[in-house]
Amino acid sequence: MSPAIEIQGLSKRFGAFQALTDISLLVPSGTCCGLIGPNGAGKTTLFGLMCGYLKPSAGSLRILGANPQIPGSLKHVLSVLPQDAALPSAFSVTGFLCYMASLSSLPDPKEAARKALAQVGLSDVGGRRCNTLSHGMAKRIALAQTMLGDPPLVLLDEPTAGLDPASAQVVRTLILELRSKRTIVVSSHNLQELEDLCDMAVLMDKGRIVEAKLMSDFTGASAEFRVSIARGTVPLDLISAQPQCREAKLEDESTLYVRFEGAAEDIITTTASILASRQVQFTEIWTGRRLDDAVLETLRRGRA
Amino acid sequence: MGFMRDIVTIWRAELGRLSKNGRIIAASLLWVFAVAILSRVLHRLVEGGEVAVGPLSDEQAQQFLSSSIGALLEATGFSRATIVSMFVHGAPLNFPFFFSAVMFFLPLLCALIGFDQIAGEIPTRSLRFIVVRTSRASLILGAFLARWTVVVGLAFITVVGILVSLKSGGFPVGIGFIARWGVAMFGTAVLASGTWSALTALCSTVAWTGPTALFLNLFALLALRTLRSIGTSALLNGEAALVEGAHASLFAYFRYLTPSQFEPYLMSPKAIEFITGLAGTVAFGVVFMLLANIAFARRDL
């Protein structure tokens, strides 16, 4: 699969402050990639470089083959939901979307604006001035403008930050719809959200990439599972004897941990059968770890 | 083609925004109010016949210029040929003073209307929605053209106001006078406002906030005025010194470092003066816009 984003040795310095150091990253087309990291990790700076807002101090990057530093090269290539960017005042919502649609050279800006408003569930606010919208509404309008013209790459910087649960759910549903058609890069501090949405994760810390891999590899979903044991003695020897099993152990009295290779469904099914045949009662089976556990552990390891 | 279409799109959108911007509306109303007062004064003076000096013959006009009031008229920056031409066409005495006052305040109007075109959008980050859809050059040109359009509109009102006040005061404003001086005034105001709007665009692209851009713009205007004052004063001293056989000061050339040195030539009937004025004014505008474009292309948003 050809890369949507290619970054090589990218660095960014603001005066004496080194915001990004030697970033190299490949994001394949069609991926939904989550940017993860604590505050100040450099996620928004990386977004800024990908969108051409910022000039790199060193290194190179290509967005679907285009160099963001070349004027106008990102037109029709990407759309972006910038973090904390205010909608331009004095425009009506429809006026703003028509303006963006016109700049995207869409043949019927009004129709595109109407469609985008309907997608974010705000068809009734088209006549309102942008600066009279609530934070949540403004965020959804900003998201609506990313859908204009169906660009192949969408960058979303903290799309659900500051939204109430219902609005955040609307946004997540929209991202899920977008995911089927485009490459998406999304940053968020809501790791559960990223785990649900993304199939690739890039963990950043102190301006560097700490890890960049498939979400399932990150959480171990494709390499480990756990079973919550309610009653009975776990036959560790039988479970370990399975050809796919690499490690089986009791993490504590009630949790069986299994590390494996190959298809998860095969070994999970056979393990469940073994437990059932030995009258071991269990209540839950889950693959991998929670993303926040994985992130914290990786960060701890990286900082050690 | 796409570049031009983007410029037009941005120009239209920005004009729409400006028409709803309270500061722009207030500045425009203030300008129109000042023009109305100025026109009223002009009307009264013309009506009272206190300022009629012509029409004069070419020779009479030349003689008039050698009087003490002639020196004052030349201090407005208009060339001798321009002032003679004004009085040969029967322009009232205050006409060059009034128009030079308009030209004096025009850079301030441009600054007030356009200082935040880029810098004002940096803290809110609202430019970020636009710069992924078009080139920065289209953005700055579209924003500049929208502000220039507003100033040109106000310049038109100003020129019409001056002509109407002359006519209503009983001055014989005919087709010939309008064709010569109305068009010259409007053309001069259009070109000059383009240059000053370009300076405002430049200041707005290098600053991080609107107020900083305004301060920078006012500082630049002050610096350019100072350069012209130094140059003019050195020229006058140099002329006196030349009589005594000394060399002209290098400072005299400072006056060519500001667009306001060239603007009055745009009204001149002499081709060489007009071409000098046109080339100087346009060159400054182009240089300011090129610098603005370079600064904007290189900066982080």
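# Chatting through a two-chain contact and chain A

Trainee: Let's start with the contact between the chains. How many residues of chain A are in contact with chain B?

Mentor: In this predicted model, 27 residues of chain A are in contact with 24 residues of chain B.

Trainee: Which elements of chain A supply that side?

Mentor: β5 (78-81) and α2 (93-103) of chain A each supply at least two residues of the side that touches chain B. The most comes from α2(A), which gives four residues.

Trainee: And how does that side of chain A divide by class?

Mentor: There are 17 nonpolar residues, seven polar and three charged on the side of chain A that touches chain B.

Trainee: You mentioned β5(A). Are its residues buried or exposed?

Mentor: Both faces of β5(A) are covered. A:Leu78 and A:Val80 on one side are buried, and so are A:Ser79 and A:Leu81 on the other. As background, side chains in a regular strand alternate between the two faces of the sheet.

Trainee: Which strand is joined to β5(A) by four bridges?

Mentor: That is strand β6 (residues 153-157) of chain A, and the two run parallel. Within the pair, A:Leu78 stands opposite A:Leu153 in β6(A).

Trainee: Let's go to the largest nonpolar core. Which of its residues touch the most other members?

Mentor: A:Leu97 and A:Leu155 do, in a core of 160 residues. The largest share of this core comes from chain B, where helix α7 (residues 136-168) gives 16 residues.

Trainee: What does A:Leu155 touch, leaving out residues up to four places away in sequence?

Mentor: A:Leu155 touches A:Phe47, A:Met50, A:Cys51, A:Leu78, A:Val80 and A:Val185. Two of these, A:Leu78 and A:Val80, are the buried pair on one side of β5(A). There is also another core of eleven residues lying apart from the largest one, with A:Ile229, A:Val258, A:Phe260 and A:Ile267 among them.

Trainee: OK, helices next. At what angle do α4(A) and α5(A) cross?

Mentor: Helix α4 (residues 135-146) and helix α5 (residues 165-179) of chain A cross at roughly 10°, and their axes come within 10 Å. That angle makes α4(A) roughly parallel to α5(A).

Trainee: Which residues meet there?

Mentor: From α4(A), A:Gly136, A:Arg140 and A:Leu143 meet A:Ser167, A:Val170, A:Val171 and A:Leu174 of α5(A). By class, the residues of this contact are four nonpolar, two polar and one charged.

Trainee: New topic, the open sheet of four strands. What is the strand order?

Mentor: In chain A the order is β11-β12-β10-β13, with antiparallel pairing. The edge strands are β11 (245-252) and β13 (281-287) of chain A, each of which pairs on one side only. On average, and ignoring direction, neighbouring strands of this sheet are turned by 20° against each other.

Trainee: How many bridges join β10(A) to β13(A)?

Mentor: Six bridges join strand β10 (residues 224-231) to β13(A), and the strands run antiparallel. A:Arg231 stands opposite A:Gln281 in β13(A).

Trainee: Which helix lies across these strands?

Mentor: Helix α9 (residues 264-277) of chain A lies across β10, β11, β12 (255-260) and β13, running at about 170° to β13(A).

Trainee: What about the hairpin, how many residues sit between β8(A) and β9(A)?

Mentor: Two residues lie between them, and A:Lys206 in the turn has a positive phi of about 50°. Six bridges join strand β8 (residues 200-205) to strand β9 (residues 208-214), which run antiparallel.

Trainee: Why does A:Asp22 count as partly exposed?

Mentor: Because A:Asp22 has 13 C-beta neighbours inside 10 Å. A:Ala90 has 19 C-beta neighbours inside 10 Å, so A:Ala90 counts as partly exposed.

Trainee: Last one: how many helices and strands does chain A have?

Mentor: Chain A comes to ten helices and 13 strands. Of its 304 residues, 42% are buried.

Notes:
Residues are numbered from 1 along each chain as its sequence is written. Chains are lettered from A and ligands numbered from 1 in the order in which they are written. This is a predicted model: local features need pLDDT of at least 70, side-chain atom pairs count only at pLDDT 80 or more; totals for chains, interfaces and linings use all residues. A nonpolar core is a set of buried Ala, Val, Leu, Ile, Met, Phe, Trp, Tyr and Cys residues joined through C-beta atoms within 7 Å. A residue is buried if 20 or more other C-beta atoms lie within 10 Å of its own, exposed if 12 or fewer, and partly exposed in between; C-beta atoms are placed from the backbone. Two residues are in contact if their C-beta atoms, placed from the backbone, lie within 7 Å. Ala, Val, Leu, Ile, Met, Phe, Trp, Tyr, Cys and Pro count as nonpolar, Asp, Glu, Lys and Arg as charged, and the others, Gly among them, as polar. Axes are lines fitted to C-alpha atoms, for helices over the stretch in contact, and angles run from 0 to 180 degrees between N-to-C directions. Angles under 35 degrees count as roughly parallel, over 145 as roughly antiparallel, 65 to 115 as roughly perpendicular and the rest as oblique. Two strands pair if DSSP finds at least two bridges between them.
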